[in-house]
Every structure is written in C-alpha cells, then in structure tokens.
Amino acid sequence: PYTFVYNGNISISAGAYKRINRFMGFGFEAIYSIQNSFYQQDLKLKEDFSGDSATIERNKSTTSKRPGVAMKAGADFYLSDRFCVTAGGAYYYNESMSMASNHSNQAISKMDIYLVTAGLNYKVNDDVWLILAVNGIYLDGEYNLNQSGLSLSLADEVFLFDAAIGCSVKF
C-alpha cells in the first residue's frame, strides 16, 4: 500500500567562491539537471453526471522532467569584523510533461524563476552569525492541459516578496 517516488532530477553542479580581500567576496554556481522520467499510478473516483453511480479507475501516468538549468551568483561585503552585507541573484528553468498511459491526458508545464536577495549578517562570536534577509522572486509560468478533447492553457506572472530572520551556527 505504500510507495516511494523520487521525482527530482539528478543534478551536476559546479561553483566557486573567492574572497577578494578582507572586505569582499564573490561566488557563482551553475547547475544542470539531467532529464528524469518516472511512472505513477493511483486510484481515481469517476462519477457519472447524474451523481447516481461512481466507479474507481486505476490512473497510470508517466512524468518526464526535462533537463533544467540554474545559475546563482552572490557577493558579500564586510563593513567590519562583525557586520556583513550580502547580495545575490539566481535563475532557474524547469519544464515537465505528464502523460496518461492511454494518452487521453497530457499536461506540460514550463517555469522561469528569477530571484534577487539581500541580507545583513551580524557575527555574535566565531561560531554564531545572526542573519536578516529579504528576497524578491519573479515567476513566469505556463501550463497546458489536454484531457479527453478538452484543452486548457494558463500563463501567469507572479511576484513574491519574502523576509527571513535566521541564525547560522558552526559546530
């Protein structure tokens, strides 16, 4: 009765960080996600339009996640031994497609994600940093569904703003 599906793509990433001097450092990371496909099946309740009867159908589908790309870059600027200002950005692209085994349903989604972040870090001691961060996220997505002769296309842009308080502890 229990199943496990790993639906993330295996990724290859490479990056570097270089502290230029005691006041600033820069980092960059690139990630390539390899295509991944997985098979799913579940039970679906199908009711007739009158509501008088219902049947349970086995729903089988295959989902393919296309190769994806992500790039991240950031910088930190040390104002003193205790205060550090950070800034960064990232770009992610992913695309996936699901298809029912009888080819009656097909769903395709594509998404571009842009992230800008800034933060202020305070060094409490050699092992503890307090962090205040803000993030701005822009999502540009598209979703297309073809199901038993019915077609639906959605496209939307979303702006998100997020703030966080955290603590980093070295041990």
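A salt bridge here is a side-chain nitrogen of Lys or Arg within 4 Å of a carboxyl oxygen of Asp or Glu. Side chains of opposite charge can pair when their charged atoms come close.

The model is predicted, so local features need pLDDT of at least 70 and side-chain atom pairs count only at pLDDT 80 or more, while totals for chains, interfaces and linings use all residues. Residues are numbered from 1 along each chain as its sequence is written, and side-chain values use heavy atoms, with hydrogens and water left out.

By this rule there are four salt bridges. I will go through some of them.

D81 pairs with R22, with the closest N and O atoms 3.8 Å apart. D81 sits in the loop between β5 (68-78) and β6, R22 in the loop between β1 (11-19) and β2 (24-33), and 59 residues separate them. The strands are DSSP runs (E, at least two residues), numbered from the N terminus.

Are D81 and R22 buried or exposed? Both are exposed. The cut-offs on relative accessible area are under 20% for buried, over 50% for exposed, and partly exposed in between, with a 1.4 Å probe and protein chains only.

Next, R66 forms a salt bridge with E95, at 3.9 Å between the closest N and O atoms. R66 is in the loop between β4 (54-65) and β5, and E95 is in strand β6, 29 residues apart. R66 has a relative accessible area of 28%, so R66 is partly exposed. E95 is buried because its value is 18%.

Last, K72 in strand β5 and E29 in strand β2 are 43 residues apart, and their side chains meet in a salt bridge of 3.9 Å, N to O.

Methods
Helices (H or I, at least four residues) and strands (E, at least two) are DSSP runs, numbered from the N terminus.
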